[in-house]
Amino acid sequence: MTTYTTLIILSGLVIFSYLFDLLAGKTKIPSVILLLLLGIGLKQIVEYFNIPMLNFSLILPTLGTLGLILIVFEGALELRYNSDKNAIIKKAFFSALSILLLSAVAITGIIYYLTGESIYKCFVNAIPYCVVSSSIAIPSAANLIKSKKEFIIYESSFSDILTVILFNFIVRNPKIDIGSFAKLGGELTGIILVAILSCLALLYVIGRLKHHIKSFLIISLLILVYSIGQSYHLSALIIVLALGLFLNNASQINFAWFRRTFIYPAFKHDIKQLHQLSAESAFLMRTFFFIVFGYTMNIRELNDMPILLSAGAILLSIYIVRFLYIKLVSKTDLMPELFIVPRGLINVLLYYNLPANLRIPQVGASLLFVVVLGTSIILSLGLLVTKRHETSPNQEFNNV
């Protein structure tokens, strides 16, 4: 494949992704579905014409990690904090935590019933199915009212962070005791301190950079800190969320010494540019991740009835847990929050980070693909129903 052919294909994929985003805004069909189908279509073309291609499954975890960092960072940069937000933050945190644990129990039971493996292995393999993917949830909430949009951003971000913490904890502790929790507490304390120091250090550096290129440097430093933290099995996603929130809300801190040291005249302009660049970079990473994920799927396995039945059971458990939590605990409107529990980028990323000795063959990439596709389809249908409900004739008459 020539250089120009490669460039034509890459630029064409980005253009298609942009068109898919426009279509998603009009139809409420998540662009992830279209990107997955595009990846599957490309695989069929490559196989039909016997075109030699690279093994893209090798770069999938890297694309997923970059996409996760940028999407969480972009979402955090949109959130403005004030004391009135405490209630929604608390609600989002407990929603993410409760639904994560309840879903993990339910899906562990399903996997145990299907495979007969040990409870420990079943629980480890269940975790990648339990997290709400912020890479799909946050863009899907873009057109919701402000309070619902903020709730989805906080909930999906907390879901990402809590699931990564749980995943690292369970994988490293086959036998859980008091020492395991003490070690976890020390690690979380350490990562919070690192997050605070990183925020202050980065803001200090930003204010003193004279070079006109700042945003890419900030993002590169963020990726560096995240990668170092993850290499030591720390939940470095906390740093990403904290930095985004800190940068977008630093101007509200009124301590004289802080404003004198950290806030500079072009601060708001630089943060706006950083937000724009992180959003466009996240779009790019999300595009290539889901296309490559679709490309690496063996769609012939989708004719396997056990996989479809297993995926159906997992999907049913996801929405039953969500429904019961909203009705019995949260006691808020079902629409559209019931449907905004998509699986996507982080789910695939956690699956590929499972140690080989802990993977269960019956709970593989094909099953995860069906669950990702299923939640995306249900999400699109839910948003369509919500849109029609919001623009019903009675409401339109009342608004006249």
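A salt bridge is a side-chain nitrogen of Lys or Arg within 4 Å of a carboxyl oxygen of Asp or Glu. In this predicted model, the count by that rule comes to 5 salt bridges. Side chains of opposite charge can pair when their charged atoms come close.

The side chains of Lys-43 and Glu-47 meet at 3.9 Å, N to O. The pair counts as a salt bridge because 3.9 Å is within the 4 Å limit. Lys-43 and Glu-47 are 4 residues apart in helix H2 (residues 31–48), so about one helical turn separates them. Lys-43 counts as buried, at 17% relative accessibility. Glu-47 is partly exposed, at 37%.

Other pairs link separate helices. Arg-322 and Glu-155 form a salt bridge of 2.6 Å, N to O. Arg-322 belongs to helix H13 and Glu-155 to helix H7 (residues 146–172), so this pair ties together parts that are 167 residues apart in sequence. Both Arg-322 and Glu-155 are buried.

A salt bridge also joins the side chains of Arg-172 and Glu-187, at 2.8 Å, N to O. Arg-172 lies in helix H7 and Glu-187 in helix H8 (residues 178–208), so the pair ties together parts 15 residues apart in sequence. Arg-172 is partly exposed, with 29% relative accessibility. Glu-187 counts as buried, at 16%.

Helix H13 (residues 305–330) also contains Leu-324. This leucine is partly exposed, at 41% relative accessibility.

Notes
Residues are numbered from 1 along each chain as its sequence is written. This is a predicted model: local features need pLDDT of at least 70, side-chain atom pairs count only at pLDDT 80 or more; totals for chains, interfaces and linings use all residues. Side-chain values use heavy atoms; hydrogens and water are left out. Helices (H or I, at least four residues) and strands (E, at least two) are DSSP runs, numbered from the N terminus. Buried means under 20% relative accessible area, exposed over 50%, partly exposed in between (1.4 Å probe, protein chains only).
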